[in-house]
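Here is a short briefing on one protein model. Look over the sequence and the structure first, then read on.

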Amino acid sequence: VSNCELVNERKTIVTKEHFEKLLEELNKQTLIAIDTETTSVNPHTAQMLSIGVVEFWRYGDKLSPAKCIDEKFFATPYEVPADASRVNGLTRSKLNELSGGLSLEQSKSLIESYLYSGYNLIGYNINKYDLPVINSNVMNIGWERPNFGRVIDVFELAKRRWGRELPNKKLGTVFKRVLAETGITEKQVKNAFRLYSKNANVQAHNAAWDAYMTYFIYKYLVS
């Protein structure tokens, strides 16, 4: 059970439609889109400052809307390097405020459902960056290696779809390409983000927003 949803309910099957709905519930797969904000572009030395998560479900070929958007921040005793702070807007004092003074090591109960529930995982350039960052950070403080299901790199899906048509492979560039092809505006996407978000800070390089853009791209590419 995730931080987003706690279900403890006994269900009674009374109709065929109810049975089919229950069967769909049992067959649904939980997926999470994930993104991190860190202190470095080197995934092996980067300290994780926050983790953004978008939870959704897959029923066969259908994807649900995002059901929960969350971001957890982690206090640090060190100053955030200036280069990283310019990109993500995070400082030591801001992290202490947003995290309630809790470090990553003190936040296990807040994020363990995302890391150890065997969820299928999607991310943007996740295999080369976010996954190594998460693994090294949690194992360095003595936690077990995270238990994820299938890992899907949306960066690779985008390359397969558009290749050299993209001027660069940045997340924001691919996001704008999807907006252009769908006719959906960025304002509409941000409104949907705010609807389910526990974090009102919508900006580039906010982990929750980047995770939501990744989810939005993935949903378009597999639809």
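Which residue in strand 2 does threonine 36 stand opposite? Threonine 36 faces isoleucine 51 there. This is a predicted model. The protein has 9 helices and 6 strands. Of its 223 residues, 46% are buried. Take the contacts between residues at least 6 apart in sequence: 65% of them join residues at least 24 apart.

**Strand 1 and its partners**

- Strand 1 covers residues 29-38. Of its 10 residues, 9 are buried, so the rest of the structure largely encloses strand 1.
- Strand 2 spans residues 48-59 and runs antiparallel to strand 1. The two are joined by 10 bridges.
- Strand 5, residues 120-123, runs parallel to strand 1. Here 3 bridges make the link.

- Is alanine 33 buried or exposed? Alanine 33 is buried, because its relative accessible area is 0%, and buried means under 20%.
- Alanine 33 belongs to strand 1.
- Set aside its neighbours within four places in sequence. Alanine 33 then contacts Gly52, Val53, Val54, Phe56, Ile122, Ala211 and Tyr215.
- Among these contacts, Gly52, Val53, Val54 and Phe56 carry numbers that fall in strand 2 (residues 48-59).
- Tyrosine 124 is 91 residues from alanine 33 along the chain. Their C-alpha atoms are separated by 8.8 Å.

**Asparagine 125, in a loop**

- Where is asparagine 125? Asparagine 125 sits in the loop between strand 5 and helix 5 (130-140).
- Most residues other than glycine have a negative phi.
- Asparagine 125 is not a glycine, yet has a positive phi of about 60°.

**Helix 4 and its cover**

- Which residues of helix 4 are buried? In this helix, residues 108-115, they are Ile111, Ser113, Tyr114 and Leu115.
- The cover over these buried residues includes strand 1, strand 2, strand 4 (68-73) and helix 5.

**Helix 6 against helix 7**

- Helix 6 (residues 154-162) packs on helix 7 (residues 171-182) at about 55°. Their axes are 11 Å apart.
- That angle makes helix 6 oblique to helix 7.
- The crossing of helix 6 past helix 7 is left-handed.
- From helix 6, Ala158, Arg161 and Trp162 take part. From helix 7 come Val174, Arg177, Val178 and Glu181.
- By class, the contact of helix 6 with helix 7 has 4 nonpolar, no polar and 3 charged residues.

**Helix 6 against helix 9**

- The axes of helix 6 and helix 9 come within 10 Å. They cross at roughly 45°.
- That makes helix 6 oblique to helix 9.
- Helix 6 passes helix 9 in a left-handed crossing.
- On the helix 6 side, the residues are Val154, Leu157, Ala158, Arg161 and Trp162. On the helix 9 side, they are Thr214, Ile217, Tyr218, Tyr220 and Leu221.
- This contact of helix 6 with helix 9 divides into 8 nonpolar, 1 polar and 1 charged.
- Ala158, Arg161 and Trp162 of helix 6 meet helix 7 and also meet helix 9.

**Helix 8 against helix 9**

- At what angle do helix 8 and helix 9 pack? Helix 8 (residues 186-196) and helix 9 (residues 207-222) pack at about 115°, with axes 11 Å apart.
- That makes helix 8 roughly perpendicular to helix 9.
- Helix 8 makes a right-handed crossing as it passes helix 9.
- Helix 8 contributes Glu186, Val189, Lys190, Ala192 and Phe193 to the contact. Helix 9 contributes Ala208, Trp209, Tyr212 and Phe216.
- The contact of helix 8 with helix 9 holds 7 nonpolar, no polar and 2 charged residues.

Notes: Residues numbered from 1 in each chain as written. Predicted model: local features only at pLDDT ≥ 70, side-chain atom pairs only at ≥ 80, totals over all residues. Heavy atoms only, no water. Axes fitted to C-alpha atoms, helices over the stretch in contact; angles between N-to-C directions. Helix = DSSP H or I, 4+ residues; strand = E, 2+ residues; numbered from the N terminus. Parallel < 35°, antiparallel > 145°, perpendicular 65-115°, else oblique. Left-handed = near helix turned anticlockwise from the far one by under 90°. Contact = heavy atoms within 4.5 Å. Nonpolar A, V, L, I, M, F, W, Y, C, P; charged D, E, K, R; others polar. Buried < 20%, exposed > 50% of the residue type's maximum accessible area, 1.4 Å probe, protein only. Pairing = 2+ DSSP bridges.
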